[in-house]
Protein chains: 4
Amino acid sequence: MNDTNTTLSVLKAQAEKFLEERNWKQFHNPKTDSVNIAVEVAELMEIFLYDNSSEDAFITLEKKRSHVEDELGDIMLALCVFAEIAKVDLAAAFEQKLAKTAAKYPVEKVRGRKEKYDEY
Amino acid sequence: MNDTNTTLSVLKAQAEKFLEERNWKQFHNPKTDSVNIAVEVAELMEIFLYDNSSEDAFITLEKKRSHVEDELGDIMLALCVFAEIAKVDLAAAFEQKLAKTAAKYPVEKVRGRKEKYDEY
Amino acid sequence: MNDTNTTLSVLKAQAEKFLEERNWKQFHNPKTDSVNIAVEVAELMEIFLYDNSSEDAFITLEKKRSHVEDELGDIMLALCVFAEIAKVDLAAAFEQKLAKTAAKYPVEKVRGRKEKYDEY
Amino acid sequence: MNDTNTTLSVLKAQAEKFLEERNWKQFHNPKTDSVNIAVEVAELMEIFLYDNSSEDAFITLEKKRSHVEDELGDIMLALCVFAEIAKVDLAAAFEQKLAKTAAKYPVEKVRGRKEKYDEY
């Protein structure tokens, strides 16, 4: 299984099967499942915590690639559990958001400019 | 685009194109991109913050489905940016983690039992 | 040391001394230190992850009180490091925010009503 | 009110009064209150999201100091609500954790060394 040959439905179906076989769906709901994603993402952030430059972050990535993949696996699983429990289409959500974001930041206005990133 | 007909490579390629067209890759690295995912996930969590039961969380989900999809779009975009910048295969990471987790919680031992969830 | 006899300055001074003695201030800055708080808060959240009702959360609290205190210690330390590095006054920040929040939710309008919590 | 003249008990009492006056304690529990802290910390992180060096993070801090204080106010309020609801002593938790951390990283072994930070 890899990103080239795997649709999101396949991942969601596997996450659903995992829960179903264990009769665990009863413990899941959108609140708990969103917290679950956050807990896993925090473990990914922790890997890079004391990297105080881009260079350092890329060095850590190479040194700890398997740890990074492990945490990403947790995030993907938590995300697919959420999507399955909440019945959300991740690709459609991505598509809509990308269209919105692209419209908000037109290439000709923002190309190479970091200022966008300061507009919180 | 939907989960049934979309591979993760397609999403990653679109995220990459979005950054490339704006010459924004220079502002990205694994630390920043992991924090970005966390910021977006917090916005998803916030939707369900005061739901103090599963029922309430599902009610909120239906009332705010488009808000939920919007935040999931942000998470998917941030996740694909991370995967693209860090050159990680999300489906492979998912597959490895699911196999590990399934081995850790064998169906015959944990079926229907919540205790697993208390073993932090 | 307890909440009744301890000012925030005392905690901040101890956090500062801890860093200074180890010559560790060089590794700190507001970005890293904010991520540090988030990582510690995620560990607190994880304790209550599968509590799907208020009752369950309070039961977990009693069962795991020392774990909860341990994670709160981490959060307090990370928060004081941030405040020390960023030169922020936590009590003043609290006071301003409480005044603002109290004005936003006047007692006579919101008393006993959960709706406030839905105004994201 | 400032860090020099304010004990944590004073902040916790004000947070408690705020909830009590609005009859809002019924909506709080340790799970929700831990998620609340996480949501507020994410807003602090977001301020520094695209600062890819320590220098940039300190520049952002000065440019957005009032925004930073605002988010810290939210964090302090959420933290004091948690402490009040869960009946935890923050100063005692801090003291215990600092003692533990100081013992784990003896000055003579770690002085000026970043390696500690890589031992996750």
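Select Thr7(C) in this predicted model: leaving aside neighbours within four places in sequence, Thr7(C) is in contact (heavy atoms within 4.5 Å) with Asp3(D), Thr4(D), Asn5(D), Thr6(D) and Thr7(D). Thr7(C) sits in the segment before helix H1 (8-22) of chain C; helices here are DSSP runs of H or I with at least four residues, numbered from the N terminus. With a relative accessible area of 15%, Thr7(C) is buried, the term for under 20% relative accessible area, as against exposed for over 50% and partly exposed in between (1.4 Å probe, protein chains only).

Two notes on conventions apply throughout. Residues are numbered from 1 along each chain as its sequence is written, and chains are lettered from A and ligands numbered from 1 in the order in which they are written. In this predicted model local features need pLDDT of at least 70, side-chain atom pairs count only at pLDDT 80 or more, and totals for chains, interfaces and linings use all residues, while side-chain values use heavy atoms, with hydrogens and water left out.

**Chains A and B**

Next, display chain A together with chain B. A rotation of 180 degrees, with 0.0 Å of shift along its axis, superposes chain A on chain B (RMSD 0.0 Å); the superposition is by least squares on the C-alpha atoms of residues with pLDDT of at least 70 in both copies. Thr7(A) has the C-alpha nearest the axis in chain A, 2.0 Å from it. The same surface serves both copies, since 100% of the contact residues of chain A recur in chain B.

Here 78 residues of chain A are in contact with 78 residues of chain B. The buried area between these chains is about 7,100 Å², of which carbon and sulfur atoms give 67%; buried area is the accessible area (1.4 Å probe) that two parts lose on being put together, summed over both. Select Asp3(A), Trp24(A) and Phe94(A): they supply 11% of the area that chain A buries against chain B, more than any other three residues.

How many salt bridges are there between chain A and chain B? The count is eight, a salt bridge being a side-chain nitrogen of Lys or Arg within 4 Å of a carboxyl oxygen of Asp or Glu. To view a salt bridge, select the side chains of Lys97(A) and Asp74(B), at 3.2 Å from N to O. Across the interface of chain A and chain B there are also 48 residue pairs in polar contact (both at pLDDT 80 or more). A polar contact is a pair of N or O atoms within 3.5 Å; within protein, one must be able to donate a hydrogen and the other to accept it, and residues adjacent in sequence count only if both atoms are side-chain atoms.

Colour the helices of chain A: H1 (8-22), H2 (30-47), H3 (54-63), H4 (65-86), H5 (90-104) and H6 (107-110) each supply at least two residues of the side that touches chain B. H4(A) gives the largest share of that side, 15 residues.

**Lys12(B)**

Move to Lys12(B), in helix H1 (residues 8-22) of chain B. Lys12(B) is buried, at a relative accessible area of 10%. Its side chain reaches the backbone oxygen of Val88(B) at 2.8 Å. Lys12(B) and Ala83(B), 71 residues apart in sequence, lie 7.2 Å apart in space, C-alpha to C-alpha. Beyond four places in sequence, the contacts of Lys12(B) include Asp3(A), Cys80(B) and Glu84(B).

**Chains C and A**

Now display chain C with chain A. Chain C is superposed on chain A by a rotation of 180 degrees with 0.0 Å of shift along its axis (RMSD 0.0 Å). That is the relation of a two-fold axis. Ala42(C) comes closest to the rotation axis among the residues of chain C, at 3.2 Å (C-alpha).

In this pair, 15 residues of chain C are in contact with 15 residues of chain A. The area buried is about 1,300 Å², with 63% from carbon and sulfur atoms. Between chain C and chain A there are zero salt bridges and eight residue pairs in polar contact (both at pLDDT 80 or more).

Select Ala57(C), in helix H3 (residues 54-63) of chain C. Ala57(C) counts as buried, at 0% relative accessibility. Beyond four places in sequence, Ala57(C) is in contact with Phe48(C), Asp51(C), Asn29(D), Pro30(D) and Lys31(D).

Finally, select Leu72 in each of chains A, B, C and D: these residues have the most contacts inside the largest nonpolar core, which has 168 residues. A nonpolar core is a set of buried Ala, Val, Leu, Ile, Met, Phe, Trp, Tyr and Cys residues joined through side-chain atoms within 4.5 Å. Not counting residues up to four places away in sequence, Leu72(A) touches Leu44(A), Leu79(B), Phe82(B), Val88(B), Leu90(B) and Ala93(B).
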